[in-house]
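Dear colleague,

Please read them with the model open beside you.

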Amino acid sequence: MTRAEDFVIGTQVRKSPFFDATMRWGVQSFSVYNHMYLPRSYGDEVANFWTLVNDAILCDVGAERQVEISGPDASHFMQLLTPRNLAQMEPGQCKYVLITDEQGGVLNDPILLKLAADRYWISLADSDILLWAKGVAVHAGMDVTIVEPDASPLQLQGPKSKAVMGALFGDALDDLKYFHFREIELDGIPLIVSRTGWSKEFGYELFLLDHTRGDALWETIMAAGRPLGLMPGHTSTIRRIEGALLSYRADADLRTNPYELNLGRLVDLDMDAEFIGKEALRRIAEHGPHRKQVGLVLDCPAMESANTDYWDVLGDDRRVGVVTSAIYSPRLEKNIALALIAVDRTDIGTTLKVAAKDRLVTAKVVELPFYDPGNEKGG
């Protein structure tokens with residue numbers, strides 16, 4: 001069992017309702033995400049990857065905080081925050097959206113849940129959108145209330161996650177569609193369950209609506225899932241790079257725009273509604289971005305771990321971009337990377353150099369995603 005004294009734990013960083021359970025189940029390291037402790041390892045990244053793609057993992061992602069927008073003007077205000085057209089979004093539906101600033105920079109790439117006609121949750125990546133939304137609301141002149149609700153998600157991901165959910169709920173969620181959610185109880189524990197997840201595998205997110213029941217929820221899921229191969233786990237860097245899933249602050253931040261990230265589909269410049277950054281994004285769309293995200297395969301021995309720094313990408317002995325995320329994929333038997341590079345170097349097959357740690361390695365531009373068997377598609 002991992003001991004609390006093995007970590008530097010303090011009150012200035014919040015714990016999720018599942019923190020004590022993850023300690024009992026052997027978490028070995030944390031990172032800090034949205035000012036909370038986020039489990040990052042149970043000891044073996046590769047074993048975690050194979051369990052995810054072959055069986056199922058349960059991840060504490062309570063640090064994936066929610067921002068609730070409610071009130072008579074909630075829909076109008078929510079559209080102000082995002083360039084994705086929300087006009088056809090229905091209660092019970094989720095959407096992958098961007099939140100942009102006045103220059104078109106990406107402030108967050110959350111999942112949006114519409115709980116009612118006048119109530120939304122923004123399920124956040126790592127940035128202070130609660131403060132951004134409150135600041136926008138001060139000057140928006142709209143009737144909205146903005147709070148952080150008592151909602152903490154777990155991710156149950158992997159091909160056997162449906163069987164685990166069947167063991168927990170019977171057939172009550174068999175008809176739950178991808179990027180939809182439903183309110184439900186498990187042994188009296190109030191939940192919202194969505195068919196979403198940050199893994200590119202079949203899976204669910206279970207939003208606990210009573211923080212005092214974190215231990216009970218975790219242990220109930222693990223008891224049902226262990227006979228089916230369920231293991232405690234963490235979001236897989238290997239799988240998410242294979243699937244070209246963005247990690248906010250690693251692959252995207254306010255200095256990147258949707259067109260650089262190949263996410264122009266999430267921007268509707270033709271809708272009548274105004275949103276923050278609309279004119280800036282219109283200009284970028286007209287002229288085109290100066291750089292774009294690409295996939296690279298690195299020709300070097302298998303990386304022992306993911307990059308912890310940004311690596312310069314070189315073309316003709318000059319810097320043309322940067323590797324944002326890199327890892328060795330045991331399934332593909334290749335070192336794979338996401339990179340932002342100058343648009344004139346983005347053609348498939350282009351050969352570049354990457355200053356990886358203390359060596360210069362050859363890299364080739366390839367199509368994204370690196371691996372996509374069709375398990376899940378974005379919403």
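Strands E5 and E8 pair in the antiparallel sense over 3 bridges, where strands are DSSP runs of E with at least two residues, helices are DSSP runs of H or I with at least four, both numbered from the N terminus, and two strands count as paired if DSSP finds at least two bridges between them. Within this pairing, Tyr 96 has Ile 111 of E8 as its bridge partner. The model is a predicted one, in which local features need pLDDT of at least 70 and side-chain atom pairs count only at pLDDT 80 or more, while totals for chains, interfaces and linings use all residues. Residues are numbered from 1 along each chain as its sequence is written, and side-chain values use heavy atoms, with hydrogens and water left out.

The sheet as a whole is open and antiparallel, with 5 strands in the order E5-E8-E9-E4-E10. Strands E5 (94-96) and E10 (145-147) stand at its edges with a single partner strand each, so one side of each has no neighbour in the sheet. From one strand to the next the twist averages 20 degrees, with axes taken as lines fitted to C-alpha atoms (for helices, over the stretch in contact) and angles running from 0 to 180 degrees between N-to-C directions.

Strand E9 (residues 119-123) has 4 of its 5 residues buried, buried meaning under 20% relative accessible area, exposed over 50% and partly exposed in between, with a 1.4 Å probe and protein chains only. It pairs in the antiparallel sense with E8 (residues 111-116) over 5 bridges, and a hairpin of 2 residues joins E8 to E9. E9 also pairs in the antiparallel sense with E4 (residues 66-70) over 5 bridges. Ile 122 of E9 is the bridge partner of Leu 112, and Val 67 stands opposite Ile 122 as well.

Two helices deserve a look. Helix H3 (residues 74-81) lies across E4, E8, E9 and E10, at about 25 degrees to E9. Helix H4 (residues 129-140) packs on the sheet and touches E4, E9 and E10, its direction making about 165 degrees with that of E10. The buried residues of H4 are Ile 129, Ala 133, Val 136 and Ala 137. Their cover includes E4, H3, E9 and E10, with contact meaning heavy atoms within 4.5 Å. The face of H4 turned away from its buried side carries the exposed residues Leu 131, Val 138 and His 139. Just after H4, Gly 141 takes a positive phi of about 70 degrees.

With best wishes
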